[in-house]
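Subject: Structure handover

Hi,

Here is the structure for you to pick up. My notes on what turned up follow below it.

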Amino acid sequence: MDSVRPERERNTLRGTGPSFRFSNRRFDGYQHLGASENQYPSGRNNEIRSRRPITRKSQSGSGDSTGPVCRPQSWQCAMPNKVLIVYGLERITVNCDNIFNLFCMYGNVTAVKVLKGKQVLVELQDVETAKRCVANLNLVRLDETTKLKVKYSKHSFINNHRTSRMSDGTSAMKNYLNCKLNRFIGNVKKYEDQRRTTAPSKILHFYNAPTDICAKKIHKAVTEALGCIDAIRSITILPKKLPGAKCSTGLVEMKSVELAVKTIFILNHMSFESSKSRFPFITKLCFSKWSDIRRQSTGSSDLLLSITPCISSSLHNSEYAVPTAEYPIARTTLQTTGPDGASWTLWETKDIVTVAIDHVTVNLERPTDASLNELRVTDNPPATLFTAPRQMNDKTS
């Protein structure tokens, strides 16, 4: 017996023997498997070993994969689907229509549901629409304290079970499947102008406004909704695309991108009364592709719209085409509002399409370059923005 004990001690020091290999495995109160091996036959020992749970920590860098697998956090994210979840709206007042106003610019919205923690579920028409919304609206700011986080939800649809009421009295869940304000329905060519899936910018494009719209009404509606008297820098009333048009379009240049996003969030699909119709006009907003509005040069009578391109470091500025458009200015007015004297500029452009068509019907001749000087559109390489007058000239000649 005395000769066995030193042998065990020597095996423990060398890291060999059953007492060392199985010292951390427990079964039925036995601390060491070596003690149980002496009490049972070899067949019984094999049965005990097969039923014993083995818990062994994996060592980093050793290739041991028996321990628990630590998956990266991205593995737990939901796959792209047509239902999105929106975070970051806890500090502002929100309802279903506000969310619809923002997400309908990138595709058809079928349902919106505001959860108790002010997280919002948005169900879209398809996965491609959801991808556009995530690409354009994720991490967009509404103000200094509010940033939207748009992610894919794990839900495949929105359940309307147990819908509550919001603080403003509206329902916390709303269905927009048959809503006429969705812009991605019907003929593609007919509604092409309404499907401007542009990234958020400080210039807003409004359309379906009454022809007798007053820029001061737009300014008042925007500044009162935002609570910021100097939120607008300029308002541009664009010319009519066709003679006898029943609605007008224009541009609203905001002070920042955050104010532009918040304007769409609150005031998209606002209504304006008109003296030429007994029904109100539902004016729609979207982000404009133009990034800059200015007078072409000092003393010039043309208004220049341009896009600021993302120029690669390997390209020179002259190698990059910068799309621009020029509009002849009919009148420029510097408006001042509020007790602090906040100023903004009103640009009113000439109705160049109507003038060109009237010129064609009188002379019935192809106009010269001098007569079409007002219809300039430069886009290096050249591109034509207003093609209606030229097409009519070809038909009449």
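**Loops and backbone**

Leucine 139 sits in the loop that runs between helix H6 (127-137) and E4. Keep in mind that this is a predicted model. Leucine 139 is not a glycine, yet its phi is positive, at about 65°.

Lysine 118 also deserves a look. Its phi is positive too, about 70°, and again the residue is not a glycine. Lysine 118 belongs to the loop between strand E2 (109-114) and strand E3 (120-124). Lysine 118 counts as partly exposed because its relative accessibility is 25%.

Tyrosine 87 is part of strand E1 (residues 83-87). With 30% relative accessibility, tyrosine 87 is partly exposed.

A second pair of this kind involves asparagine 159 and lysine 113. In sequence they are 46 residues apart; C-alpha to C-alpha, they are 8.7 Å apart. Asparagine 159 lies in the loop between E4 and E5. Its relative accessible area is 44%, so asparagine 159 is partly exposed.

Is helix H5 mostly covered or mostly open? Mostly covered: of the eight residues in H5 (96-103), seven are buried. The buried ones are Cys96, Asn98, Ile99, Phe100, Asn101, Leu102 and Phe103. Aspartate 97 is partly exposed, because its relative accessible area is 31%, and the cut-off for buried is under 20%.

At the start of H5, look at asparagine 95. One of its side-chain oxygens comes within 3.2 Å of the backbone nitrogen of aspartate 97.

Asparagine 101 has a polar partner. Its side chain makes a polar contact with the side chain of histidine 269, at 3.0 Å. Histidine 269 is located in the loop between helix H8 (257-267) and strand E9 (270-274). Histidine 269 is buried, at 11% relative accessibility. Asparagine 101 is among the buried residues of H5 as well.

**Salt bridges**

How many salt bridges does a search of the whole structure find? It finds eight. Three of them are described here.

Aspartate 97 pairs with lysine 174, and the closest N and O atoms are 3.0 Å apart. Aspartate 97 is in helix H5 and lysine 174 is in strand E5 (residues 173-175), so this pair ties together parts 77 residues apart in sequence. Lysine 174 is partly exposed, at 36% relative accessibility.

Another joins glutamate 253 and lysine 202. Here the closest N and O atoms are 3.9 Å apart, and the cut-off for a salt bridge is 4 Å. The two residues link distant parts of the chain, 51 residues apart: glutamate 253 is in strand E8 (residues 248-254), and lysine 202 is in the loop between E5 and strand E6 (203-209). Lysine 202 is partly exposed, with a relative accessible area of 23%.

The next joins glutamate 348 and arginine 331. Their closest N and O atoms are 2.8 Å apart. Glutamate 348 lies in strand E14 (residues 342-349) and arginine 331 in strand E13 (residues 324-337), so the pair connects parts that are 17 residues apart in sequence. Glutamate 348 is partly exposed, at 22% relative accessibility. Arginine 331 is partly exposed, with a relative accessible area of 48%.

**Surface charge**

Last item: the surface. Which residues form the positive patch? They are Arg141, Lys147, Lys149 and Lys151. Lysine 151 is in strand E4 (residues 149-152). At 47% relative accessibility, lysine 151 is partly exposed.

Best wishes

Methods. Residues numbered from 1 in each chain as written. Predicted model: local features only at pLDDT ≥ 70, side-chain atom pairs only at ≥ 80, totals over all residues. Heavy atoms only, no water. Patch = residues over 30% accessible without salt bridge, like charges linked within 9 Å, V, L, I, M, F, W, Y side chains within 5 Å. Areas by Shrake-Rupley, 256 points an atom, 1.4 Å probe, with all protein chains shown as cover. Salt bridge = Lys/Arg side-chain N within 4 Å of Asp/Glu carboxyl O. Lys, Arg positive; Asp, Glu negative; His and termini not counted. Charge placed at Lys NZ, Arg CZ, Asp CG, Glu CD. Helix = DSSP H or I, 4+ residues; strand = E, 2+ residues; numbered from the N terminus. Buried < 20%, exposed > 50% of the residue type's maximum accessible area, 1.4 Å probe, protein only. Polar contact = N/O pair within 3.5 Å; in protein donor to acceptor, adjacent residues only side chain to side chain.
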